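Open the model in your viewer and keep the selection panel at hand. The stops below go from one selection to the next.

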Amino acid sequence: MEMDERKITILKAVIRNYLETGEPVGSRTISKYTDLNLSSATIRNEMADLEEMGYIVQPHTSAGRIPSDAGYRFYVDNLMHERKDALDKREEALSKKEDILLEKVERVEDLLKHVAKTLATNTNYATMVAAPKKKSKKIKFIQVSQIENGKLLVVVVLDGNVVRNTIIESEFDVDNELCLKLNVMLNSSISGLDIEEINLAIITKLTSQAGEYSGLVRNILDAVASAAISKEDLQIYTSGAKNIFKYPELSDNLKASELIYVLEEKQSLANLITDSENSKSDDDIKVYIGEETPIDSMKDCSVVTATYEMKDGAKGTIGIIGPKRMDYDKVVETIKSIKNQLDDAF
């Protein structure tokens, strides 16, 4: 079936009506909501086609329709730009308003906490802000030592004197002489390199030099990589968790408690932040809808993220978390405004 202009107009009407009311949308509502001058019967037929195409769903018999994840995705990708002129004016107004708020704080930590709180207040959704972090991780020093039979301690010292310890399994009994040889070999080859510079050629060379210990060297290199990209030092500030209870589709006890736990515990948010920073999207803005979100407890949510950047190349992430019927126009333009101001501030 082809997505013609009539279907697009009806889908847009269903989505925008549902965003405003949170109630399933029927054909009579659409007949009043659009300027198509179509009968309710014709609109019902078009809505049946949209349902078959996967853009809307009927939550229960005799109810109206609500947008599916695919319908929201179509809206975000194809329909939001129609309101660009009005949104540009709103973004300008938001910038002026937020600019005053951002000028009130000086320390980075205080600034980011303030941004999270301001976003939660202005959008009525939950928010997160991750502190800026350099992607590059230079390795200063590696030390391997046996702590007991079958277990090795790998100590990695990174740029900035950040120390990470990892314990790995070994099928060999590694004595002091072998530890010394491994340490010399590893440090002479990768000390001073960024973790991203340790390519296949370097790994092949090291495993070849290691001979029968090639598997052990691979495990050590995996430990080094894990240490370099550890999320332990990722600082995440959240706000607006209580806003979740404003939306019936998220506020039942189980869903709400799982979402609040993720926002308070924060560790799961690191996966979302990593995914957002690694993705390529226009203006560094990414919209996750339902199942696209890499956190199980957020499959009933939509999340909009933006990546901001400091002068030295360190990057951080802003995120807004709400129901799938969130006001995407407002959220995207708000997050763009904050992202641009943080870029300038840093």
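Select D4, R6, K7, E46 and D49: a network of salt bridges links these residues. A salt bridge here is a side-chain nitrogen of Lys or Arg within 4 Å of a carboxyl oxygen of Asp or Glu. The structure holds 14 of them. The model is predicted, so local features need pLDDT of at least 70 and side-chain atom pairs count only at pLDDT 80 or more, while totals for chains, interfaces and linings use all residues. Residues are numbered from 1 along each chain as its sequence is written, and side-chain values use heavy atoms, with hydrogens and water left out.

Next, select K324 and D69. They form a salt bridge, with the closest N and O atoms 2.8 Å apart. K324 lies in the loop between β10 (315-323) and α12 (328-345), and D69 is in helix α4, so the pair ties together parts 255 residues apart in sequence. Helices (H or I, at least four residues) and strands (E, at least two) are DSSP runs, numbered from the N terminus. K324 is partly exposed, with a relative accessible area of 21%, and D69 is partly exposed with a relative accessible area of 21%. The classes are buried (under 20% relative accessible area), exposed (over 50%) and partly exposed (in between), with a 1.4 Å probe and protein chains only.

Move to R325 and E249. Their closest N and O atoms are 2.6 Å apart in a salt bridge. E249 sits in the loop between β7 (236-239) and α10 (253-265), and R325 in the loop between β10 and α12, so this pair ties together parts 76 residues apart in sequence. Is R325 buried or exposed? R325 is buried, at 13% relative accessible area, whereas E249 is partly exposed at 25%.

Then select K255 and D300, whose side chains meet in a salt bridge (3.3 Å, N to O). K255 belongs to helix α10 and D300 to the loop between β8 (285-289) and β9 (301-309), so the pair ties together parts 45 residues apart in sequence.

Last, show helices α1 (residues 5-21) and α4 (residues 69-79). Their axes come within 11 Å and cross at roughly 105 degrees. The two helices are therefore roughly perpendicular (65 to 115 degrees). Residues in the contact (heavy atoms within 4.5 Å) include I8, L11 and I15 of α1 and Y72, F74 and L79 of α4.

How values were computed
Axes are lines fitted to C-alpha atoms, for helices over the stretch in contact, and angles run from 0 to 180 degrees between N-to-C directions. Angles under 35 degrees count as roughly parallel, over 145 as roughly antiparallel, 65 to 115 as roughly perpendicular and the rest as oblique.
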